[in-house]
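Please have the structure open while I talk.

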Amino acid sequence: MPRPLAILGSTGSIGINTLDVVTAHPEAFSVSGLAAGGNVELMVDQIARHRPSLVALSDAEAAERLSERVRGQNVAVRGGMDGVCEVATMDGAETVVSAIVGAQGLVPTLEAIRAGKTVALANKEVLVCAGELVVREARGQAALVPIDSEHSAIFQCLAGEDLSDVRRVILTASGGPFHGLSPQQMAAVTAQEALDHPNWEMGPKVTVDSATLMNKGLEVIEAHWLFDLPPERIEVVIHRQSIVHSLVEFVDGSLLAQLAPPDMRLPIAYALSYPRRLPMSQPGLSLVEIGQLSFERPDEETFPCLGYAYEALRRGGTMPTVLNAANEVAVQAFLEGTIAFLDIPRLIRASLDRHEPRPVASLDVVLEADRWAREITHEAVAVAADGG
Ligand SMILES: NC(=O)c1ccc[n+]([C@@H]2O[C@H](COP(=O)([O-])OP(=O)(O)OC[C@H]3O[C@@H](n4cnc5c(N)ncnc54)[C@H](OP(=O)(O)O)[C@@H]3O)[C@@H](O)[C@H]2O)c1
């Protein structure tokens, strides 16, 4: 029987890649539910192709338009975040793909965990803003399987291993489009230039995060929660080719790495078919054509966001929640052309400096820290936009 899926964020880059994997493997997967933000046209198309029984758009007005468009088809349409949560917990789905971008994905992902679903996790912000809570809720309830290529690589290298034999993990980073530039050169870069990633086709937020190296910082925090490792045992190296997706070093000094072409369909397929592997039609790697693989230390002075993420993780509590929220607001403002690229780290730094972290005792504590950080970062964006 094909495994029934619910896909949260189906209209985004990960969602579309997930549906590609489903289309290529109808014997392995079927689609029970889809959820997204407001992209009515693409959702109409996805309903026609994949025949889910339940769909939701968090934008209630867009959900009404969608409802009109698919009237007479055998699909229930819901609007608002409650509707997205209904898809996340629906009876018909075994595995929930968490691929909404940003902290918006937290509540539906938590709901899926509470409903005992296997969660294939792309949305790293969920673990950054509420890792302690998510891991606590998942314990004994649900399996969390990473989709992020670096964490999938580590997950694959750890198969059959004992976590107590791990000395450290090494996350690889492409370095993004501004690798090698000086701060002076980066001062005037545009959103379009930031969106031009050398190796990966991704949504706009994660692409800008790659350009600031915040993406790798978020991934350090994600690795901390997924693999229960302290920050000093999680390292980052720049690897421009994006062929080695990450590595694990064991206590005997052996390093295991996972290599594959940079194509998100591979870690998505692994997360969905785990613990088995699916045959994929994509060509493998030609090591001889690649010739050489390079590794270098990240430049944390020019790209301070990586260090801010380590700092937030070490300080703990709601500090990573604030890091994440400030980053989301600053990246959105940069994409809208309101602030400059170098304002992104500056505004995040300012939010961290003003925050007194609290223990993550409940979802309410997380949501309050998230709301506070968004508010003060929006204020700082307005000041920066006025030339302050
Ligand atoms: N793209 C990659 O290769 C990649 C790799 C590793 C990890 N990730 C992680 O995966 C997540 C998704 O990234 P992406 O690149 O796929 O992003 P994306 O292309 O921007 O897609 C985001 C998805 O989230 C939906 N969404 C946004 N706000 C929503 C809300 N309030 N309620 C419900 N749905 C909402 C969007 O729906 P509408 O478009 O309909 O509004 C869209 O389906 C991110 O956390 C990212 O860090 C991505």
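Just after helix H10, Leu213 takes a positive phi of about 75°. Before I go further, this is a predicted model, in which local features need pLDDT of at least 70, side-chain atom pairs count only at pLDDT 80 or more, and totals for chains, interfaces and linings use all residues. Residues are numbered from 1 along each chain as its sequence is written. When I say helix or strand, I mean a DSSP run, H or I over at least four residues for helices and E over at least two for strands, numbered from the N terminus.

H10 itself is mostly covered, with seven of its nine residues buried, where buried means that 20 or more other C-beta atoms, placed from the backbone, lie within 10 Å of the residue's own. Among these buried residues are Val206, Asp209 and Thr212, and the buried set packs against H9, H11, H14 (305–315), H15 (319–335) and H16 (343–354); contact here requires C-beta atoms, placed from the backbone, within 7 Å.

That brings me to the domains, whose bounds come from an automatic or database domain assignment. The assignment gives domain 1 (3–146), domain 2 (149–182 + 191–263 + 285–303) and domain 3 (316–388). The C-alpha centres of domain 2 and domain 3 lie 25 Å apart, and the contact between them takes nine residues from each domain. On the domain 2 side, H9 (191–194), H10 and H11 (214–227) each supply at least two residues, and the largest share, five residues, comes from H10.

Now, which residues are closest to the ligand? They are Gly12, Gly37, Asn39, Ser58 and Gly203, out of 30 that surround it, a residue being counted if its C-beta atom, placed from the backbone, lies within 6 Å. Because domain 1 and domain 2 both give residues to the shell, the ligand lies between them.

Finally, the sheet: an open arrangement of seven strands, in the order S4-S3-S2-S1-S5-S6-S7, with parallel pairing, where pairing needs at least two DSSP bridges. Strands S4 (76–79) and S7 (144–146) stand at the edges with a single partner each, so one side of each is left without a neighbour in the sheet. S1 (residues 3–8) and S5 (residues 95–98) pair over four bridges, and Ile7 stands opposite Val97 in S5.

Methods
Two residues are in contact if their C-beta atoms, placed from the backbone, lie within 7 Å. A residue is buried if 20 or more other C-beta atoms lie within 10 Å of its own, exposed if 12 or fewer, and partly exposed in between; C-beta atoms are placed from the backbone.
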